[in-house]
Structures are given as C-alpha cells and as structure tokens.
Amino acid sequence: MDIDIAACMTIVRPGAQSKCNANDYNQLSMLDGTVKPTLAELEAAWPAVKAKEKNSTLNASCDAAIAGGFTSTALGTAHTYSCGLNDQTQLTAQAFDAYRNAATPLWTCWFTCKNLAGVKARREHTSAQILLVADAGKLHVATQLSNRDTKVTLVNAALTVEQINAVTW
C-alpha cells in the first residue's frame, strides 16, 4: 500500500516528533521517545488521512459552487447573481431594506447581475423583486451546503480509500 507516512503519523501519533526519509517506513525514527508505530498502524490510518483531505476538497468545492452564483427570474427574465461572501452581505442588506420599506410603493434598489447576454450591470429592483432574488440566493446556498453535507457523510462512512475517492463534487 502506498501511503504518506508523515500524514499518517498525525493520526496515529498526534504531536509526536518523528523523522522519515523518502517516505520509507524503515527510515522512520521517533525523535521524542514515543513508540514507533507499526507499518500496519500507519496503513490503517491512511483512509482517515484521505477522508480529511477529501472533506477539505469538498468544502472548497462547495465554497466555489456557492460563489459561482445563481439564477433568478425576479426581473422577468433569467439573470445571474454572484454569490461570494460580499455579494451575500450586500444582498442581505438590500433584502432587509426592501422588507423594511415594503409599504413604500415606489421603493427600489440597484443591484448587480448579468443578463442573458452576459452583460453585468447594476439593475433596478423593486422590493418584491429583490426579495425574490434573496430567496433564490438562500436556496442556492442551502442546496450547495446540503450537497456538501451529503458527500461529507459518505466520505466519513467510507471504509476504504477507493470508497473515499469515489465521492466527487
């Protein structure tokens, strides 16, 4: 089995000081007096190492999918809205302002989105429209988080590296 000995050591002997040349078990030496793990112990830790790596990758993929944006037809036709953290903050602020001003008939705000031609511009939204955009954004984020959670659960239940590798975004 081809494993990363240093990564497995973080699972088998967390905090232990060790040295390993060329990822060769025979070259593994303990520098702090802790007991050297067996090769079998290190190999048994390999799926946990791979699961940790996969979960990190899934988190990054989820973040990228969220930031990639979402589509809403609140303006009458499909428009794409960015959904990075700053975009989410701005949309939340606009939605809150729209909610506070729902009784003001002519209330509008300007919010950035792309039209079907891909032209990114600040476009006027009514209170009802920006609230629909916010609902679509909330659903987009929740869907991506749910997708990630499902995949992380599969990774954490996996018993082999092959099962872990089979989980993809």
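The model is predicted: local features need pLDDT of at least 70, side-chain atom pairs count only at pLDDT 80 or more, and totals for chains, interfaces and linings use all residues. Residues are numbered from 1 along each chain as its sequence is written, and side-chain values use heavy atoms, with hydrogens and water left out. Helices (H or I, at least four residues) and strands (E, at least two) are DSSP runs, numbered from the N terminus. Buried stands for under 20% relative accessible area, exposed for over 50%, and partly exposed for values in between (1.4 Å probe, protein chains only). Contact, also written as touching or meeting, requires heavy atoms within 4.5 Å.

**Helix H3**

- H3 spans residues 85-100, 16 residues in total. From its first C-alpha to its last it reaches 23 Å, close to the 22 Å expected at 1.5 Å a residue; the expected span is 1.5 Å times one less than the number of residues.
- Leu-91, Gln-94, Ala-95 and Ala-98 are the buried residues of H3. Viewed down the axis of H3, they fall within an arc of 100°, so they line one face of the helix. The arc is that of the directions from the helix axis to the C-beta atoms.
- An α-helix has 3.6 residues a turn, so residues three or four places apart point the same way.
- On the face of H3 turned away from its buried side are the exposed residues Leu-85, Asn-86, Thr-89, Thr-92, Phe-96 and Arg-100.
- The cover over the buried residues of H3 includes strand S3 (70-72), strand S5 (108-114) and helix H4 (127-157).
- Gln-94, found in H3, is buried at a relative accessible area of 19%. Leaving aside neighbours within four places in sequence, Gln-94 is in contact with Trp-107, Cys-109, Trp-110, Phe-111 and Ile-130.

**Packing of H2 and H4**

- Helix H2 (residues 39-67) packs with H4 at an angle of about 170°, and their axes are 10 Å apart. That makes H2 roughly antiparallel to H4.
- Axes are lines fitted to C-alpha atoms, for helices over the stretch in contact, and angles run from 0 to 180 degrees between N-to-C directions. Angles under 35 degrees count as roughly parallel, over 145 as roughly antiparallel, 65 to 115 as roughly perpendicular and the rest as oblique.
- From H2, the contact takes in Ala-51, Lys-54, Asn-55, Leu-58, Asn-59, Cys-62, Ala-65 and Ile-66. From H4, it takes in His-140, Val-141, Gln-144, Leu-145, Arg-148, Lys-151, Val-152, Val-155 and Asn-156.
- The residues of this contact of H2 with H4 divide into nine nonpolar, five polar and three charged. Ala, Val, Leu, Ile, Met, Phe, Trp, Tyr, Cys and Pro count as nonpolar, Asp, Glu, Lys and Arg as charged, and the others, Gly among them, as polar.

- Gln-144, in H4, is buried, with a relative accessible area of 14%. Not counting residues up to four places away in sequence, Gln-144 touches Cys-62, Ala-65, Ile-66 and Trp-169.
- Ala-65 lies in H2 and is partly exposed at 21% relative accessible area. Leaving aside neighbours within four places in sequence, Ala-65 is in contact with His-140, Gln-144 and Trp-169.
- Ala-65 and Ala-128 are 63 residues apart in sequence, with 26 Å between their C-alpha atoms.
- Leu-139, in H4, counts as exposed at 57% relative accessibility. Leu-139 and Phe-70 are 69 residues apart in sequence and 9.2 Å apart in space, C-alpha to C-alpha.

**Strand S3**

- Ser-72 lies in S3 and is buried, with a relative accessible area of 6%.
- Not counting residues up to four places away in sequence, Ser-72 touches Thr-77, Ala-78, His-79, Tyr-81, Leu-132, Val-133 and Ala-136.
- Ser-72 and Ala-158 are 86 residues apart along the chain, and their C-alpha atoms are separated by 37 Å.

**Loop between S1 and S2**

- Ala-22 is in the loop between strand S1 (18-19) and strand S2 (29-30). Its phi is near 55°, a positive value in a residue other than glycine. Ala-22 is exposed, at 76% relative accessible area.
- Asn-23 lies in the loop between S1 and S2, and its phi is near 55°, a positive value in a residue other than glycine. Asn-23 counts as partly exposed at 35% relative accessibility.
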